[in-house]
Amino acid sequence: MQQNLKTIAGGNWGISQIHRWTLYKTVIERMLAHGSSAWCLNPTFRMKRKLSSIQRPFLLHISGAYRTTPTAALQAILGIPPLHMQLQFEARFTSIFRLRIPLPPFITDTHPHDLEMKATGWSTHPSEHLKPNQISFEDGEAYIARKDIINIFTDGSKTEHGVGAAFCVLTNDIWAYQWSAKLNDNNTVFQAELTALHEAVIYASNLPNHNT
């Protein structure tokens, strides 16, 4: 692996440093971390030295520094932790969080039951537990002509001219209030729709006790 990296990355030629760094973190380090939960839970001093000697050539090729540069300096400059610390962290995390295996007290006092399990999905859908005043599935068109109803209409759109969100308030067939805003061009139409709904809810929550 070291020679392969050397052939595509020289001191002043080849792929950029950020690409070398990415290759190391996503490919080389992943290969070195294989099975670390079985052999790197509590590395010995000899293992630490061995892992450091394995990591050092890669750090030199990534940074393009002189061979006399200390390993600790290379790790600090590149933002890459010592290999034994990275593998030790991943080994303990895998054992406790994923495998749910308790570790000896001299390694860590954290137990698997102390960690919250990651949610894998909804046990029940939120739509099955709606409050009576939370949302209505009735067609609101029949209420537009009523005088005691405040109607709020929202919209969000995205075109080649930009992204926008707006809402307006209709009371007694009169446009009582309107709000609009231009969003960043990177925003999606879904974000625009949510922005309009969010602003409309804020407006409605500040109204007196009316039917909306």
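## Exercises on a predicted model

Arginine 100 is partly exposed, with a relative accessible area of 27%; buried means under 20%, exposed over 50% and partly exposed in between, using a 1.4 Å probe and protein chains only. This is a predicted model, in which local features need pLDDT of at least 70 and side-chain atom pairs count only at pLDDT 80 or more, while totals for chains, interfaces and linings use all residues. Residues are numbered from 1 along each chain as its sequence is written, and side-chain values use heavy atoms, with hydrogens and water left out.

**Exercise 1.** Find where arginine 100 lies in the chain.

Step 1. Helices (H or I, at least four residues) and strands (E, at least two) are DSSP runs numbered from the N terminus.
Step 2. Arginine 100 sits in the loop between helix 6 (83-98) and strand 1.
Step 3. The phi of arginine 100 is positive, about 55°, although this residue is not a glycine.

**Exercise 2.** In which helix of the protein chain is confidence lowest, and in which is confidence highest?

Step 1. pLDDT, the predictor's confidence in each residue, runs from 0 to 100.
Step 2. The average for the protein chain is 84, and 83% of the residues score at least 70.
Step 3. Confidence is lowest in helix 1 (residues 2-8), with a mean of 74, and highest in helix 5 (residues 71-78), at 94.
Step 4. Where pLDDT is low, the predicted coordinates should not be read in detail.

**Exercise 3.** Which residues form the cluster linked by ring pairs?

Step 1. Rings of Phe, Tyr and Trp (its six-membered ring) pair if their centres lie within 6.5 Å; planes under 30 degrees apart count as stacked, over 60 as edge-to-face and the rest as tilted.
Step 2. The whole structure holds eight aromatic pairs. One of them is the stacked pair of phenylalanine 167 and tryptophan 179, at 5.8 Å centre to centre and 25° between the planes. These two lie 12 residues apart, phenylalanine 167 in strand 2 and tryptophan 179 in strand 3 (residues 174-183).
Step 3. Tyrosine 177 and tyrosine 203 have ring centres 4.8 Å apart and planes at 10°, so this pair is stacked. Tyrosine 177 belongs to strand 3 and tyrosine 203 to helix 7 (residues 189-205), 26 residues apart.
Step 4. Ring pairs join Phe167, Tyr177, Trp179 and Tyr203 into the cluster.
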